Amino acid sequence: MLKILNLEAGYGPLRILKGVSLHVKQGEAVAILGANGAGKTTLLKTIAGILKPRCGDIVFRGQKINSQSPEKIVEKGGAMVPEGRHVFSALTVKENLMLGAYTRYGKNNREEVAQTLEQVYSLFGILRERHLQLAGTLSGGQQQMLAIGRALMSGPKLLMMDEPSLGAAPLVIRDIYQAVEGLKRNGLTILLIEQNARAALAVADRAYVLETGQIVVEGTSEELRHNPEVQRAYLGKEYQSIDE
Amino acid sequence: MSQTQMYKAQIETISREDLTQLQIERMQSTLNRVYRNVAFYRTAFDSYRVNLERLKDLDRLRELPFTTREDLRKSYPYNMFAVPLRDIVRIHSTSGTTDRPIVIGYTRSDLRNWTECAARVLTAAGITEQDVVQIALDFNLFSEGFGFHQGAEQIGASVIPASLTTSVKKQIVLMKDFKTSVLISTPSHTSNIAAEIEKLQVHPEGLHLRLGLFCGDRWTEAVRRQIEQRLRILFIDTYGLTEIMSPGIAGECSFRQGLHINEDHFIAEIIDPKTLQPVEAGQEGELVLTTITKEGFPLIRYRTGDMTSLNLQPCPCGRTLARMARVTARSDDLILFNGIGFYPSQIEKILLSIEGTSPHYQIILDRKDGIDTLSIKVEISDSIPGLDEVRVLETLRSQIYRRIKTALDLEARIVFVEPKSLHRETDSRQRVIDRRLENKG
């Protein structure tokens, strides 16, 4: 589905990613773990086409997408849920969702889009309930659900999520991850970026650990959960989690 | 044996393209880790001016320096470990009677990978949960006994840790009474067992043995055939190194056309041991291994000293993992004699092709009055008729002499010794005694 080889990217003189290689197979959920500033978001932005890679290859569904625009990548089936939600607060929930489907607009697709909307509503009941409410009046967790729903409206093959649990209450995190698991069960391929390693490893099949722009550990979630380095650095080994 | 069983078909039949991606990812993360955690590698990479960010494909691995046995000895005991000792759950070591040994640490995940690799090797050999597996290997600092044990348990076979300390007689009793179906041992110990079975006049068919696995020593196809005929079973070869993982690096499948390397855990290269440059694809050379999943004791471009060649063609068994040819010689037991290089295994091959001799031999190199001499002690087998006749022995001697002369262009003095007078279980290094440099001019 997605294959990245020796990716280098950054901002201006800053080199953030220093030769990152990874892959995501069809139907797989893969997590990228790492501390603040490790380059996680840069990685996602580069895949989504927001940043141009300096070097390396990004192959998405068999095609090189190195310097394609974000909207082309959305059309190809790559949707991103940005960090910090970025919903349009002055628009209603439904309007926000419909915006997510802008690449699919057209007379012939009305039916399909309506279907997707129905799926999103059934995934996040709260969005159906509040579909006429302004997005800005939703709680943080609800806005996160809205952002995920909006990404799903494009009918993606690969869903990329940047820190979906950031700033959300533990109970909301649980809801969000339940939804993510549901999506995975339905066969959606997911690339997930998280600082909340515990939550991410619970849903992901495999994971990579990014440190200062380089991958230092990779393996199945099971392997990473038992990796002492990962435990110390990202799982807070000696502490019991509150969201379990 | 038509349908080959696989322990992890998804990996064992992976496409070369997917495997390459996996290897690159794992290679890069391993290199990043060793550079951060192992002083030896940080110094080595820095002094070679290696920029890890530039290592973009598997071929670029060649830019990195080698790791040698000597490097590992110098790091005794824990200097090459890439994780703190508290993360290590098992420690093995090489013997090293004369030098400092090499100490190898395994993390929990290393043990899991090792067990899986061993299970793959055993499954490829044809072992299933129905089997009773007798492991006649040492369970000590060497890792082999443990590796086979873990792998066989993982498959679900019934495991008998018979070990090597049990006498040969006891091994045979176990084999009979416990209905052993698979024997795992070194070729030399197996041949001792075979000899004892003949002596005790136990008919091989009276045993439940159906399969044997070799590990440890090097041996020739002729030795394998000989043991197979004596025990009436097939023997499968495996490849492992205590420094890396043993068993688990590679193993034969039922087609026995090379040993499948677990390439998702190791990157294999073949180099010319003299020029240190990669050889042409398919040519023989020294095997160099890079571990790409190990946490405790990762090794980058480790020179194994084992001579082999690689075959990337998919195997009739369905596996796509590269196959290495059976290791018959080491890059470093090449004997140079009067400008001619030869391997002890070549002598062994010749001896085996001549009736009336046994594969037990000793090569002695000496220097008298500035002239180098080569003599070969050969055990004669007691099965040859007319053993006591000088004429028969003379014919045999000149036959061996001529074969060695034609095949290797070596002039060797042949000395016959009594059957079973040469050590068998000893290290193969003792097969060669080189006295040429000992306090003589």
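1. The model discussed here is predicted.

2. Start with chain B. Helix 10 (residues 344-353) and helix 11 (residues 390-408) of chain B pack at an angle of about 135°. Their axes lie 10 Å apart. Helix 10 of chain B and helix 11 of chain B are therefore oblique to each other. The crossing of helix 10 of chain B past helix 11 of chain B is right-handed. From helix 10 of chain B, the contact uses B:Gln346, B:Ile347, B:Ile350 and B:Leu351. From helix 11 of chain B come B:Ile400, B:Arg403, B:Ile404, B:Ala407 and B:Leu408. By class, this contact has seven nonpolar residues, one polar and one charged.

3. Now look at a helix pair in chain A. Helix 6 (residues 140-152) and helix 7 (residues 170-185) of chain A pack at about 15°, with axes 10 Å apart. An angle under 35 degrees counts as roughly parallel. Helix 6 of chain A and helix 7 of chain A are therefore roughly parallel to each other. Helix 6 of chain A passes helix 7 of chain A in a right-handed crossing. On the helix 6 side of chain A, the contact is made by A:Gly141, A:Gln144, A:Met145 and A:Ile148. On the helix 7 side of chain A, A:Val172, A:Asp175, A:Ile176 and A:Ala179 take part. The contact has five nonpolar, two polar and one charged residues.

4. Next, the sheet in chain A. Six strands of chain A form an open sheet, in the order 6-7-8-3-9-10. The pairing is mixed. Strand 6 (78-81) and strand 10 of chain A stand at the edges with a single partner strand each, so one side of each has no neighbour in the sheet. On average, neighbouring strands of this sheet are turned by 15° against each other, direction ignored.

5. Strand 3 (residues 29-33) and strand 9 (residues 206-211) of chain A run parallel, joined by four bridges. Opposite A:Ile32 stands A:Tyr208, in strand 9 of chain A.

6. Is helix 1 (residues 40-48) of chain A mostly covered or mostly open? Mostly covered: nine of its nine residues are buried. The buried residues include A:Lys40 and A:Lys45, along with A:Leu43, A:Leu44 and A:Ile47. Just after helix 1 of chain A, A:Gly49 takes a positive phi of about 90°.

7. Back to chain B for strand 12 (residues 302-308). Six of the seven residues of strand 12 of chain B are buried. Strand 11 (residues 285-291) of chain B runs antiparallel to strand 12 of chain B, and four bridges join them. B:Glu286 has B:Met307 of strand 12 of chain B as its bridge partner. Strand 12 of chain B also pairs with strand 15 (residues 329-330) of chain B, in the antiparallel sense, over two bridges. There, B:Asp306 stands opposite B:Arg330 of strand 15 of chain B.

8. Last, where the chains meet. How many residues of chain A are in contact with chain B? The count is 18 residues of chain A, against 14 residues of chain B. Strand 1 (2-11), strand 2 (14-24), strand 10 (214-220) and helix 10 (228-235) of chain A each supply at least two residues of the side of chain A that touches chain B. That side has six nonpolar, seven polar and five charged residues.

Note on methods:
Residues numbered from 1 in each chain as written. Chains lettered and ligands numbered in written order. Predicted model: local features only at pLDDT ≥ 70, side-chain atom pairs only at ≥ 80, totals over all residues. Contact = placed C-beta atoms within 7 Å. Nonpolar A, V, L, I, M, F, W, Y, C, P; charged D, E, K, R; others polar. Buried ≥ 20, exposed ≤ 12 C-beta atoms within 10 Å, placed from the backbone. Pairing = 2+ DSSP bridges. Axes fitted to C-alpha atoms, helices over the stretch in contact; angles between N-to-C directions. Parallel < 35°, antiparallel > 145°, perpendicular 65-115°, else oblique. Left-handed = near helix turned anticlockwise from the far one by under 90°.
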